[in-house]
Amino acid sequence: MRKVSAYVLTKNEERHIKDCINSIKWTDEIVIIDDFSIDNTMKIAKKLGCKVVQNQFEYFGKQRNFALTQCSYEWVICLDADERITLELRKEIEHELKNSPKYDAYVAPRKSKFINKWISHSGWYPDYRHPVFFNKKKVKYKDQMVHEGIEYKGKKMYFTGDILHYPYNNIKHFIEKSDFYTGLRAEEMFQKGKKFRILNLIINPFVMFVKMYIIKKGFLDGLTGFILAMLYSSFYTLMKYAKLWELQNK
């Protein structure tokens, strides 16, 4: 069986890191790329036998490409601290490692929980993000601040096993993370020369709500789906464009 490295980016993740690591303990190496946490993240990771490397976070694309340089093996599993590999997905990855992977990159559906409910619609599931398992010699992350894509040539395969995702502890946590991510997104738009328009504050939040709640059937997620769509439209999307306006008017 081919050997595999797993890497996780962290920043004050003591709440999640133990369960995350336990879901990938079967790998040959776990590398923690830590942005100078001030909680017990590093202590927990080291106690569980992980390789811990501290590196100042600038933006996601750069941090992930740095992580790849710290992985010892050709095949890599990418996981965030608030994610878990399910047993079904583990078996699929191990099957590929045992039989020599035929693809360069593999993606898996990500199932996310919001407060009290696993979200099955709202554009959240299946959430095929960047590959969870790939050949680091064939794959590189795009130089993007947030929602970083990948650059690679070849075909990708879709696993059926889920990644379990616990993105927000509560509404307060949603607001804190949204403040961080919208700041990065606004900076990225600003650097690319995107111009702010007043309609961005009126039309874009409305479009986001319609997309999540109606087109992506968020109404089937009940009241949780409605609250989720409202938060993403009236807060996340609005904040992103408000910050772009701020950058252009400094």
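The face of helix α6 turned away from its buried side carries the exposed residues L199, I202, F206 and I215, where exposed means over 50% relative accessible area, buried under 20% and partly exposed in between, with a 1.4 Å probe and protein chains only. These values come from a predicted model, in which local features need pLDDT of at least 70 and side-chain atom pairs count only at pLDDT 80 or more, while totals for chains, interfaces and linings use all residues. Residues are numbered from 1 along each chain as its sequence is written, and side-chain values use heavy atoms, with hydrogens and water left out.

Helix α6 spans residues 199–215, and its buried residues are N200, P205, F209 and M212. Seen down the axis of α6, these buried residues fall within an arc of 135°, so they line one face of the helix; the arc is that of the directions from the helix axis to the C-beta atoms. The buried residues of α6 pack against α7 (222–248), contact meaning heavy atoms within 4.5 Å. Just after α6, K217 takes a positive phi of about 60°. Helices (H or I, at least four residues) and strands (E, at least two) are DSSP runs, numbered from the N terminus.

Now to the sheet. Seven strands form an open sheet with mixed pairing, in the order β3-β2-β1-β4-β9-β6-β12; two strands pair if DSSP finds at least two bridges between them. At the edges are β3 (51–54) and β12 (156–158), each pairing on one side only. From one strand to the next, the twist averages 25°. Helix α3 (residues 60–70) packs on this sheet, where it touches β1, β2 (29–34), β3, β4 and β9 (133–135), and its direction makes about 145° with that of β1. Such angles run from 0 to 180 degrees between N-to-C directions, with axes as lines fitted to C-alpha atoms, for helices over the stretch in contact. Eight of the eleven residues of α3 are buried, among them F60, R64 and L68. Helix α4 (residues 87–98) lies across β1, β4, β6 (105–107), β9 and β12, at about 25° to β9.

What about the cysteines, and how many disulfides does the structure hold? There are zero disulfides, a disulfide being a pair of cysteine sulfur atoms within 2.5 Å. For C50, the nearest cysteine sulfur, that of C20, is 8.6 Å away. C50 is buried, with a relative accessible area of 10%. The sulfur of C71 lies 9.2 Å from the closest cysteine sulfur, in C78, too far for a bond, and C71 is buried at 3% relative accessibility.
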